[in-house]
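The reader may wish to keep the coordinates open alongside the text.

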Amino acid sequence: MALSERLSALLASLAKKPVSRHALLPEAKEPTNSAGLQPPAFALEPDAEPESMIHVHQPDGRMTSYPPTDKWGDWVEWDSRAWPKKVARRYTLVPTICFNCESGCGLLAYVDKTTFEIRKFEGNPVHPGSRGRNCAKGPATHNQVYDPERILHPLKRVGPRGSGQWKRISWDTALEEIGAKMAESRKKRRDGIMYHVGRPGEDHYANRCIQAWGVDGHNSHTNVCSASSRLGYYLWAGFDRPSPDYAHARCILLISSHLETGHYFNPHAQRIMEAKKKGAKIITFDPRHSNTAAKSDVWLPTWPGSEATVLLALARHLLQTGNINRPFMKQWVDWQGFLRLAPKVITDEAVLSALPSKGQEGTFEHFEAALKALYRDFSFERAAAEAQVPIDRIQAAAQAIVEGGEQLCTHNWRAASIANRGGWQVVRCLFLLNVLTGSIGNKGGTSGNSWNKFVPKPFKQPPPGEVWNELQLPKEWPFAHFEMSFLLPHFLEEGRGKIDVYFTRVYNPLWTNPDGFMWLKALTDESKMACHIALTPTWNESAWFADYVLPMGHAGERHDLMSQETHAGQWIGFRQPVRRVAMERAGKKVQFTYESNPGEVWEEAEFWVELSDRMDKDGSLGVRQWFESPNRPGELITQDEYWGWMFDNSVPGLPQAAAAEGLTPLAYMRKYGCFEVSKDCYRPFESEGFNTPSKKLELLSETLLDWGWSEPEHVLPWPLASHVHPSEIDRERGEMILLPNFRLPTLIHTRSANAKWLLEISHNNPVWIHPSDAQRLSVSTGDQLRIDTEIGWFVDRAWVTESIKPGIIAISHHLGRWRLKEDMGVNRGGSSLATLSQEGEHFGLQVEHGAAAFESSDPDTARIWWENVGVHQNLTHAVHPDPVSGAHCWLQKASVRKAKPEERYGEVHVDTRKSMEVYRAWLALTRSAQTHSPDGTRRPYWLKRPLKPTKNAYKLDS
Amino acid sequence: MRDQSLEKARTEGEAWHLLGHLVLLGPMGAVREILDVSPAFKNVWDASLSDDGWAVEHQRVFGHEVFPYGSVFLSEDAKMGGQWTAWAERLMEAIGLQFDEIVLEADHLGKLALALGAVGLEKVKLQEAGRAMELSQFHFFERSLLEHLLGWLGPLVVGVQQTDSPFFSMVLELMVELACEQAQLSADVEEPAAEAVDSLAELLAQSQTRLRDVARFLTIPSACGAFLCKAEIARLAAQVELATGFGHRTQMLESLFFAAIDHGKLDDFVSAVAGRLTEHSKALANLQERWGLPTQAWRRRITQTQEGLLVVRQ
């Protein structure tokens, strides 16, 4: 058969221009990153038969298999890459703890016994929280460890801030220079050093260090995260986060799909599914059809800000139908306080008439009658109208809650509480359902985090500081939970203070916080931030403007101790530098962890000891004493000594468990990576009551009453008008609500860009827009939209979907990374090359190009097929500090229209004068301790702070 | 080999490399320059589309619609060769051919094409070096690869033709033509028979067979004789005015069967499926007529499936 013309033509063209195989499929070249990271090399070993796995039937019915623990020291399995050849590999399996969200799941590192390279991270089957299972983020730790773009050596800025000029320095130089700056600051004052943490990932080690320095310097990301929820829970019960016993629930009510699909995904999701298989009903409030909503029995796509009303309608139903747990409430609710204080607060005649008459003794029946009267107007009809959801779904939710009874799990973390002004009241209204049903601390109910978390004490603890840092907790927000961190640049702009030494730790404030250009101003102003040290495993936008960039380890490269409230039990998890542990098992001596990590990547735990020593070499500041060994007086403590003492003395049951295996407690933790301290932790309040002033659950908050928030809508669980209440949004003029506070479940806050598997799955953040809104705006999927906020605008692409409620646009806030240099900065596969511009107070960001393939020590970087990596929307978000909780209220009022041709994708513009105007408008809503404190202090002492100073420091005149 | 045939063998080797690359990765990177000037692709090559755009199209066709992977054509389900890929790789390694691409992806077709390219170029080198003994080994190897490829390429090509992708349809057709040209098949040759699997009628005769099994049967090329891609299943749904359904192909077909029963349209739906299979059969016949690709066994399988569909209607 004759050749066709086209094949003949193809062959002819190839005869003229042969294709070289290597030109088509380039081989990986030598490492190209500046630090010279070598790809892992795996030597062949003689064949050996792999060991058998142990098979485990998980409670939800799935079967998984794991290496038996007695074989962890010498585990053999076939090398998958050598397939079909059968090449055996010998591994030592080292447990550690994931660092890619807060839940502290167990990982098991497979460390090659020949090369000490980490082949993979899998689940740790003996971890009580994660039970051997991980989400996508856990195994992706391997990507982070072998990321060719990671920072491997300490760097010091040599040009102007932000110019991207760095020189490599030794750890010794870094310690000496930074230690000297800290000492200088500490000698002058006790509020000049600030440690600002993004991902804590540990319990109290860093806090102990800060306290040892004698400064009030702990700052966190909490006020852009969970502050509202924390305040809501704390006012009720004296704990600041919930711990539902999902596995045994009959009804699960979630106002935080984000949490179950993105944050505590693994330990919570597996238990939620366990309950669902046993017949539990799931109710989810979310304007997005999230993964959780999709798995729910009742999805309530409530209009933002209406959640509290719907919750009170559910509460009213319980009250009206008598489905309340009277014995529980009678014993554990401070109804006496309510009856005492209600006449001072409530003016509603119907409620007042239910209260005991003058001289009459108040009874629980009075309380119940008053409650019925109080919430009488929250009908299903009202809730359905405000939430814009079908009434039958609210009825279905109510029925499920009634059937759940004492086995009702509720959870709110971010979502509505961090989205709206007054979001803390969403949590108050949510927890009211637990109070009414008595589903608190029960099997299948909702507990407090502190009941299911165990934090062992160290060998000695520095005393509380004698100082209050006004840059962190200013007088205007006496109820803030906690530091007003996202307003730091606004405070600096107002001249409220300055910082001598500023540490950011796995924290990217310029990118993560709202109003990022205000952060840019602060970070580049050396008169406000004299020295900025970025402690980070990877490049980020803020580190680019630091003076020192110090590489710190990922999950398998550091020591930390963690405990989280994953279920009705308590456990501790030990994060370890797995290569170090493997090397030590092989008899190699390692003094500092950076000797075993890639490059010179270190860990904070050792770094703080050495840095504190350089800060106070002669001990005259009183700092060094807290970092000296309990066994070798005068010498610095080692990690083995620190954790060894803690495991020997502070963890009940651990020494006995270790002895049963002939191990020391430290060796036990190094072997297993975790220890279950207790299980079935139910109703601990029965012995000591709740951690509130009344020791009971406080429906009516006397603290709020005393501190000037005395209206019924504040002191009682009640809806507060959101800043994006329908009355604030003119939809006919194209105004919509921008919902930015959700995350795709495979993303890490600002470290996904260095995890190639995760990045390939999710790398851009289009605008979710309902078809009806898209039709109104004449846009289709892929069209560019211009979104104007109060302070600026940006351009993103539309994704038309019925998964978002009409009137709302949603954009995931974990994408849109950028870098300022082509070959340095945030990973090239996960960021756009951008330029920044400034004219007076007008700032801009222009995208030059998106992600692109590049050659490196990892062949996969040459296979990057995507370009669009999202838009940095947060730059255009005005700050909205809630006047009570201090939380940033993430929802933005936005005008949305089709972008003009000259408005380019990823473009951002902001006027920071408007930033300050919006800030001042919200500041004016506060009720300052200066004018409202009942006792001359800055903050109610019983409320939590990560590091409480002395009582004396609480005084306003201190 | 004479100079002319050497040159032909060299260019054919180059062509396999190019086609293998296009299936494995899409028209990205250095190959764009070739496509820009090649008259063969003149009518189907859109140079204005970026690498990213072509990656999307590549992913749509081979990642979403028609999978050129062992998972479909060589899996246990498909009964068409099982561990053949591993065998090919081992053989290549044994005879000293570097085959780095094995680390890329589990794309059987792309790897096979690259292997044919590598073998072709190696043959040229051996001929030039006068190493006749080794050359015969490579002849045998090339023949084995071609026969294996020709055994199942037909339904894959037709499957890709259904995805409305002129570029990748062209790539696949060029593969057919090149393979047939090299194999020099005689007119009456039949492709290697797939391992015996139950026909649809036999499957239906089993008491435990459910609609899910029927749907699954229809998505296995070696079982039903054709590769029904997602786009085609969606078109089937539209044809009988039923909701498309979602999920993988088997889920889509299964839900369509149920929807068809719910709406009293089973007859219409089954007729539509049979009609699509007729189109596949015609397209296979066309491949045989145009390039000599043996497709009789596939068409017989389709006819068997259509007969089974008559039982489904009952």
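The model is a predicted one, and the angles, distances and accessibilities quoted here are computed from it. A:Asp515 has a positive phi of about 60 degrees although it is not a glycine. Most residues other than glycine have a negative phi, and most peptide bonds are trans. With 0% relative accessibility, A:Asp515 counts as buried, because the cut-off for that class is under 20%.

A second residue with a positive phi is A:Ala415, where the angle is near 40 degrees and the residue is again not a glycine. A:Ala415 belongs to helix α17 (residues 415-419) of chain A. Its relative accessibility is 17%, so A:Ala415 counts as buried. A further backbone feature concerns the peptide bond: from A:His481 to A:Phe482 the bond is cis, with omega near 5 degrees. A:Phe482 is situated in the loop between β16 (446-448) and α19 (488-493) of chain A.

Such details should be read together with the confidence of the prediction. The average pLDDT of chain A is 92, and 95% of its residues score at least 70. Residues 20-46 of chain A, by contrast, have a pLDDT that stays under 50. For this segment the model has 63 contacts beyond four places in sequence.

The discussion now turns to a strand. Is strand β21 of chain A enclosed by the rest of the structure, or open to the outside? Seven of the seven residues of β21 (residues 569-575) are buried, so the strand is largely enclosed by the rest of the structure. In a regular strand the side chains alternate between the two faces of the sheet. In β21(A), A:Gly569, A:Trp571, A:Gly573 and A:Arg575 point one way, while A:Gln570, A:Ile572 and A:Phe574 point the other way, and all are buried.

β21(A) has pairing partners that can be traced in turn. Strand β20 (residues 560-562) of chain A pairs with β21(A) in the antiparallel sense over three bridges, and a hairpin of six residues joins β20(A) to β21(A). Within this pairing, A:Met562 stands opposite A:Gly573. β21(A) also pairs with strand β22 (residues 674-679) of chain A, in the antiparallel sense and over five bridges. Here A:Gln570 stands opposite A:Ser678 in β22(A).

A:Glu603 is buried yet has no salt bridge. The nearest side chain of opposite charge is that of A:Arg580, at 4.4 Å; the pair is not counted as a salt bridge because the limit is 4 Å between nitrogen and carboxyl oxygen. A polar atom of the A:Glu603 side chain does lie 2.6 Å from the backbone nitrogen of A:His559. Beyond four places in sequence, the contacts of A:Glu603 include A:Met552, A:Glu557, A:Arg558, A:Thr593 and A:Gln639.

Elsewhere, charged side chains do meet, and the structure holds 81 salt bridges over all chains. One of them joins A:Lys671 and A:Glu661, at 3.6 Å from N to O. A:Lys671 lies in helix α26 (residues 665-672) of chain A and A:Glu661 in the loop between α25 (654-660) and α26, so the pair ties together parts that are ten residues apart in sequence. Both ends are partly exposed, A:Lys671 with 25% relative accessibility and A:Glu661 with 37%.

A:Glu903 is buried, as is A:Arg786. Salt bridges also form a network that links A:Glu493, A:Lys521, A:Asp525, A:Lys528 and A:Glu841.

Chain B supplies the last stop. B:Ser222 is in helix α11 (residues 221-224) of chain B, and its 4% relative accessibility makes it count as buried. B:Ser222 and B:Pro155 are 67 residues apart in sequence, and their C-alpha atoms are 8.9 Å apart in space.

Technical notes: Residues numbered from 1 in each chain as written. Chains lettered and ligands numbered in written order. Predicted model: local features only at pLDDT ≥ 70, side-chain atom pairs only at ≥ 80, totals over all residues. Heavy atoms only, no water. pLDDT = per-residue confidence, 0-100. Contact = heavy atoms within 4.5 Å. Buried < 20%, exposed > 50% of the residue type's maximum accessible area, 1.4 Å probe, protein only. Helix = DSSP H or I, 4+ residues; strand = E, 2+ residues; numbered from the N terminus. Pairing = 2+ DSSP bridges. Lys, Arg positive; Asp, Glu negative; His and termini not counted. Polar contact = N/O pair within 3.5 Å; in protein donor to acceptor, adjacent residues only side chain to side chain.
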